[in-house]
Amino acid sequence: MKKLLSALLAAAMLCTSAIAFSGCGEDSAKITTADDLIGKSIGVQLGTTGDIYATDEYEKQGSKIERYNKGADAIVALTSGKIDAVIIDNEPAKAFVEANDGLKILDEPFAKEDYAICVAKDNEKLLNDINKTLAELKQDGTLDSIMKNYIGDDTKGKSPYKTPDGTEYPNGELHMATNAFFEPYEYYDGDQIVGIDAMTAQAICDKLGYKLVIDDMDFDAIVTAVQTGKADFGMAGMTVTDERLQTINFTDSYTTATQVIIVNK
Amino acid sequence: MQDFFSEISSSFEKTFITDDRWLQLLNGLGVTVQITIFAALIGLVLGFLIAVIRSTHDMTVQGKKCRNFSDFILKFLNFLCNIYITIIRGTPVVIQLMIMYFIVFASSRNGIFAAILSFGINSGAYVAEIVRSGIMSIDKGQFEASRSLGFNYSSTMIHIILPQAFKNILPALGNEFIVLVKETSVAGYVALQDLTYVGNLIRSRTYEAFFPLITVALIYLIIVLILTFLLKKLERRLRNSDH
């Protein structure tokens, strides 16, 4: 019994120390173009287009994809050298790089994507309502001023959206599913969720006469939440993809974005 | 009706067949098992060590003045063990895992190692208290009898007390390991591809909740069933010596 125990112990220690050091000393040569990502470990946020893109493009070529629950966790892992690069949407990327001196964005944007609001397949009415309201908001410049309030150094914070006086909510509540770790689209300012998506949703709900309730959840839970009716619509810098269209409807696009690569300087 | 079945078979196919997702589930299972086994070993070793220190302290020097250097060492070790147990039992395992991954092993690329260590250290605190309860449950007469037969303290502990204690605490230890298996499901927080994580990954690709969640739940259940079976066998085996 004693011999068996000590043998087990020795084996356990050997194994643990073997795994502990196997990862060390990896030479992370500089990444300057997208091609350099091959064979490197790439951090993404689970279920985002960055994740899908990295998986399709690089995983088969031997890159290791590390999927975090939050984009910010991937950034932390990048700054401490656990991973070599992070693929994420350009606007949050700017916010992250601004907050971390040691990071930079590669000048090599991927293809353009359309952000849209997702609505359950059987909720045609809400889909049409939102589309109509979105068109109105585009026309009267509200969407543009919300966008400018969050993007662009000289316009930031100058045109916050305000609910028009006397707005009433006779139609009850609309629940919006989001993942509020995605500055400038949705993020916490104090205990409030603000950002382009949050304000646009507020504007839409004000027009439609619903009270907006924002439910913060993991990004990969949003589509399921909307599909099963736990939330009425999902808005989280969400790109329209063919896979997503199979299970859910998207409204017209309200803005475009690109995926970018963040690396250590 | 036909629609219903074709829907089920298509979501089954999406969950398991497309992109070899069953293989990913299998890999996830491997990671979960790997973390659990090594963490349980670390937990056992730590737990037994700490329990012996704590109960030795309680039985010999507690409430007394230090007579010599070894008494002082024992008091100091007991103090350290108390701090360890307080901190580990007082904080959630997810937080400990993230501290281990993002702070302690910030520069290491090996997430599995950080996970094994933090789950092992976490389990150790609970095992320590279980083992201590086992040691304390052994009648004092056993100590006295053993000492009067000429055994010294450590061989009394190893040959007389611990084997009996082990038998008493086996159900509680089994409980702890079952909890440990399920606790590893938070490993996805640090991008480890364990079973739960693979379930989430599949969910994030198929946007279907039913098959991934139910499958993952069933696999955990099966692991726990196997563990329960083995523990029962061990318990029966150990009980043979009762007669």
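Predicted model: local features only at pLDDT ≥ 70, side-chain atom pairs only at ≥ 80, totals over all residues.
Biologist: What makes strand S1 (residues 41-45) of chain A largely enclosed by the rest of the structure?

Modeller: A residue is buried if 20 or more other C-beta atoms lie within 10 Å of its own. In S1(A), 5 of the 5 residues are buried, so the strand is largely enclosed by the rest of the structure.

Biologist: Which residues cover each of the faces of S1(A)?

Modeller: Ser41(A), Gly43(A) and Gln45(A) lie on one side, Ile42(A) and Val44(A) on the other, and all are buried. Both faces of the strand are therefore covered, by the cut-off of 20 or more C-beta atoms.

Biologist: Why are S1(A) and strand S2 (residues 64-68) of chain A called paired?

Modeller: Pairing needs at least two bridges between two strands. S1(A) and S2(A) are joined by 5 bridges, so they count as paired, and they run parallel. Within this pair, Ile42(A) stands opposite Ile65(A).

Biologist: What makes S1(A) and strand S3 (residues 85-89) of chain A a pair?

Modeller: They share 2 bridges in the parallel sense. Since at least two are required, the pair qualifies. Ile42(A) takes part here also, with Ala85(A) as its bridge partner in S3(A).

Biologist: How is chain A divided, and what separates the centres of its domains?

Modeller: Domain 1 of chain A covers 29-112 and domain 2 covers 113-257. Their centres, taken over C-alpha atoms, are 25 Å apart. The contact between them takes 17 residues from domain 1 of chain A and 15 residues from domain 2 of chain A. On the domain 1 side, two or more residues each come from H2, helix H3 (71-79) and helix H4 (90-99) of chain A. H4(A) gives the largest share, 4 residues.

Biologist: How do you know what confidence the predictor places in chain B?

Modeller: On a scale from 0 to 100, the mean pLDDT of chain B is 91, and 100% of its residues reach 70 or more. The model scores ipTM 0.70 and pTM 0.78.

Conventions:
Residues numbered from 1 in each chain as written. Chains lettered and ligands numbered in written order. Buried ≥ 20, exposed ≤ 12 C-beta atoms within 10 Å, placed from the backbone. Domains from an automatic or database assignment. Contact = placed C-beta atoms within 7 Å.
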